[in-house]
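Hi,

Here is the structure I promised to pass on. Have a look at it first, and then read on for what turned up in it.

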Amino acid sequence: MINRESYMDISSIRSHFPILGRNVHNRPLVYMDNAATTQKPLRVIETVERVYKTLNSNVHRGVHHLSDLCTDEHEQARHKVQEFIHAAHSHEIIFTSGTTSSINLVAFSFGEKYVHEGDEIIVSAMEHHSNLVPWQMLCDRKKAVLKILPMSMKGELEIEKLSGLINAKTKIVAVGHVSNSLGTINPVREIIQIAHKQNVPVLVDGAQAVQHGRVDVQELDCDFYVFSGHKAYGTTGIGVLYGKEKWLNEMPPWQGGGEMIKEVSFSGAVYNDLPFKFEAGTPDFVGAIALGAALDYLEEIGLEAIAQREKELLEYATQKLQSIPGLVIVGNAAEKISVISFYLQGIHPYDTGMILDKLGIAVRTGNHCAQPVMDFLQLSGTVRASMVFYNTMEEIDLLAEGIERVRQMFS
């Protein structure tokens with residue numbers, strides 16, 4: 001049996017998240033939709049308030065005191081991201097509006113420079129729509145070919161087939177670090193090594209990874225790495241694109257406007273240096289500063305401690321849910337984050353989710369923006385319970401009790 005006692009002071013940690021103390025439908029909130037967005041610690045909320053109350057001013061452009069202060073904090077946030085993912089240079093960190101924006105930036109800008117008719121792009125069979133549709137759009141635009149690295153019914157990529165997919169026409173491989181629909185941790189380092197042997201760059205979608213454990217982009221040797229602030233305890237509307245300096249220098253900007261130029265006239269423009277070449281317009285400086293506060297918070301708790309805590313939660317939840325008659329867990333990879341997708345035989349996932357909501361339990365239902373995954377598994381959708389370090393064993397017990405109640409209602 002899993003030890004229910006934890007070395008983390010969960011009661012103290014939960015007090016950092018004001019929303020966890022509220023009720024839903026007259027019941028204590030059990031929040032297990034963390035893969036969609038995480039809740040925000042007081043430090044992040046107070047940072048947003050502080051910036052608007054004391055610093056609010058456009059960055060990089062003003063000569064006055066507030067602009068200087070806000071610019072300094074914005075660039076400090078960039079350095080915090082650099083250190084958090086261990087990038088070689090701070091100018092390799094591009095602020096975007098989120099993972100989706102970051103992937104679209106690469107798909108457009110890299111695609112404009114390097115992809116031509118007949119070229120090939122590889123994505124995996126378990127990608128979120130945001131790491132699939134932009135590449136489909138690029139292939140449509142450039143008359144290129146999209147190839148798929150298959151997955152098994154267990155929910156693991158068949159990476160032994162990757163070498164056979166790569167050829168002289170392959171321009172880039174795009175793969176999720178962690179599957180949002182199944183929780184699978186993909187062997188991205190091995191994927192990168194296979195691709196690099198044939199001089200093919202790799203983009204890694206880290207939206208479901210950076211908040212669960214240590215990520216080192218230099219150790220991975222990925223060419224691009226992307227993630228969202230709101231899934232890592234920051235605010236919505238801020239995201240990160242890490243790119244190796246070599247690629248970012250060669251790629252054209254994908255949006256024009258203020259900040260991304262050095263000089264401009266009616267005859268043309270000279271683009272700015274990194275990272276500003278890819279940051280057209282007023283950035284979400286409040287979101288960037290708040291993201292820096294969120295990353296500070298995660299570092300203070302300890303990413304290794306977070307990973308261990310969430311492993312305990314996954315093991316306990318798996319044991320509890322497997323004991324429920326008629327419950328089928330979807331995605332049984334050897335390496336997973338604390339996400340369990342499941343369905344109850346004969347009961348639509350939407351019905352399960354709606355009844356759990358009435359019990360104060362927040363889960364996600366549907367295809368999780370990964371419809372090809374559900375099509376492959378021949379499912380209309382699943383219920384997804386996604387847990388993080390502030391969840392408790394007692395909440396897992398409540399989830400199991402709620403699922404049992406659903407089962408009995410439909411029996």
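S228 is found in strand 9 (residues 224-228); strands here are DSSP E runs of at least two residues and helices are H or I runs of at least four, both numbered from the N terminus. This serine is buried, at 5% relative accessible area, where buried means under 20%, exposed over 50% and partly exposed in between, using a 1.4 Å probe and protein chains only. The side chains of S228 and T99 are joined by a polar contact of 2.6 Å (N or O atoms within 3.5 Å, one able to donate a hydrogen and the other to accept it; residues adjacent in sequence count only if both atoms are side-chain atoms). Setting aside neighbours within four places in sequence, S228 is in contact (heavy atoms within 4.5 Å) with G98, T99, I238 and G239.

Before you go further, please note that this is a predicted model: local features need pLDDT of at least 70 and side-chain atom pairs pLDDT 80 or more, while totals for chains, interfaces and linings use all residues. Residues are numbered from 1 along each chain as its sequence is written, and side-chain values use heavy atoms, without hydrogens or water.

Now to helix 5 (residues 133-142), where P134, W135, L138, C139 and K142 are buried. Seen down the helix axis, these residues fall within an arc of 140° (taken from the directions from the axis to the C-beta atoms), so they line one face of helix 5. They pack against helix 4 and strands 5, 6, 7 and 8. Just after helix 5, K143 has a positive phi of about 60°.

The largest nonpolar core has 73 residues, and V81, I85, Y225, F389 and Y390 have the most contacts inside it. Such a core is a set of buried Ala, Val, Leu, Ile, Met, Phe, Trp, Tyr and Cys residues joined through side-chain atoms within 4.5 Å. Helix 10 (residues 285-301) gives the most to this core, with nine residues. A second, separate core of 28 residues includes L321, I355, M387 and I403.

Finally, the rings. F17, Y233, Y297, F389 and Y390 are linked into a cluster by ring pairs (Phe, Tyr or six-membered Trp rings with centres within 6.5 Å; stacked if the planes are under 30 degrees apart, edge-to-face if over 60, tilted otherwise). The count of aromatic pairs comes to twelve. F110 and Y114 form a tilted one, 4.7 Å centre to centre with 40° between the planes.

Best wishes
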